[in-house]
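Here is a friendly walk through one structure, with its helices, its surface and its charged pairs as the stops. Please take a look at the sequence and the model before reading on.

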Amino acid sequence: MTPSPQPPQEQEHVLDAAAAALGSGGATAPEQDSSAYRHRMERRQQVQQQRVQARQREKGLWLVFTGQGKGKTTAGLGLVLRTLGHGERVAVVQFIKGAWIPGEAKALAVFGEQLRWHALGEGFTWNTQDRERDQEMVNRAWQQACVYL
């Protein structure tokens with residue numbers, strides 16, 4: 001009787017554990033001689049190739065950045081650029097910005113139909129000062145996000 005193959009998530013977990021056990025290379029490597037280092041790095045390369053292959057199934061990915069203060073748009077734009085650079089399509093839904101055309105939307109317009117940009121707010125809540133209208137705009141943005149989800 002042949003053993004049944006591992007479910008994809010379990011296989012990924014096993015490979016991740018193997019990669020962690022092998023560690024990385026470079027100046028922090030424990031080996032004192034190059035032959036042992038080369039052998040470990042060859043094994044690490046094999047495991048990494050298996051990890052990448054195990055994750056080749058097609059799936060969607062959506063990320064939500066929240067929090068107070070700076071960094072949400074910057075974090076999102078880094079992923080947007082990586083994704084566009086790989087030729088994939090991207091949708092961005094901003095819940096606050098919208099009273100103005102964000103500079104990042106202007107800069108990324110060169111990607112044309114590959115990028116859908118929706119800035120659907122009317123500005124920061126301390127500027128609008130209209131809770132009901134702000135909630136209406138959030139609902140509108142959420143409905144747009146649901147189109148992509």
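Val64 counts as exposed, because its relative accessibility is 62%; buried here means under 20% relative accessible area, exposed over 50%, and partly exposed in between, with a 1.4 Å probe and protein chains only. Val64 is found in the loop between helix H2 (34-54) and H3. Helices (H or I, at least four residues) and strands (E, at least two) are DSSP runs, numbered from the N terminus. This is a predicted model, in which local features need pLDDT of at least 70 and side-chain atom pairs count only at pLDDT 80 or more, while totals for chains, interfaces and linings use all residues. Residues are numbered from 1 along each chain as its sequence is written, and side-chain values use heavy atoms, with hydrogens and water left out.

Val64 also belongs to a nonpolar surface patch of about 700 Å², together with Trp62, Phe95, Ile96, Val138, Trp142 and Leu149. Patches are made of residues with over 30% relative accessible area and no salt bridge, where like charges are joined within 9 Å and nonpolar side chains (Val, Leu, Ile, Met, Phe, Trp, Tyr) within 5 Å. The accessible areas come from the Shrake-Rupley method with a 1.4 Å probe, and for residues only the protein chains shown count as cover.

Ala119 lies in strand S2 and is partly exposed, with a relative accessible area of 23%. Not counting residues up to four places away in sequence, Ala119 touches Gln94, Lys97, Gly98 and Pro102; contact means heavy atoms within 4.5 Å.

Now for the helices. Helix H3 covers residues 72-85, and at 1.5 Å a residue its 14 residues should span 20 Å; the end C-alpha atoms are 20 Å apart, so the two agree. The expected span of a helix is 1.5 Å times one less than its number of residues. Which residues of H3 are buried? They are Gly76, Leu77, Val80 and Leu84. These cover an arc of only 100° around the axis, which puts them on the same side of H3; the arc is that of the directions from the helix axis to the C-beta atoms. Thr74, Arg82 and Gly85 are exposed on the other side of H3. The cover over the buried residues of H3 includes strand S1 (90-94), helix H4 (103-108) and strand S2 (115-119). After H3 comes Gly87, with a positive phi near 80°.

H2 can be read in a similar way. Its 21 residues should span 30 Å at 1.5 Å a residue, and its end C-alpha atoms are 30 Å apart, which agrees. Buried in H2 are Arg40, Arg44, Val47, Arg51 and Ala54. They lie on the same side of H2, because they cover an arc of only 75° around the axis. On the other side of H2, the exposed residues are Ser35, Arg38, His39 and Gln53. H1 is included in what covers the buried residues of H2.

A residue to look for in helix H1 (residues 8-22) is Glu12. Is Glu12 buried or exposed? Glu12 counts as buried, because its relative accessibility is 11%. Apart from neighbours within four places in sequence, Glu12 is in contact with Ala54, Arg55 and Arg57.

The charged pairs are the last stop. Side chains of opposite charge can pair when their charged atoms come close. A salt bridge is a side-chain nitrogen of Lys or Arg within 4 Å of a carboxyl oxygen of Asp or Glu, and by this rule the count comes to 6 salt bridges. Among them are these:

| Pair | N to O distance |
|---|---|
| Arg55 and Asp16 | 2.8 Å |
| Glu113 and Arg116 | 2.9 Å |
| Arg133 and Glu136 | 2.5 Å |

Arg55 lies in the loop between H2 and H3 and Asp16 in helix H1, so this pair ties together parts that are 39 residues apart in sequence. Arg55 is partly exposed at 30% relative accessible area, and Asp16 is partly exposed at 27%. Asp16, Arg51 and Arg55 are linked in a network of salt bridges. Glu113 counts as exposed at 60% relative accessibility, whereas Arg116 is partly exposed at 39%. Arg133 and Glu136 are 3 residues apart in helix H6 (residues 131-148), so about one helical turn separates them.
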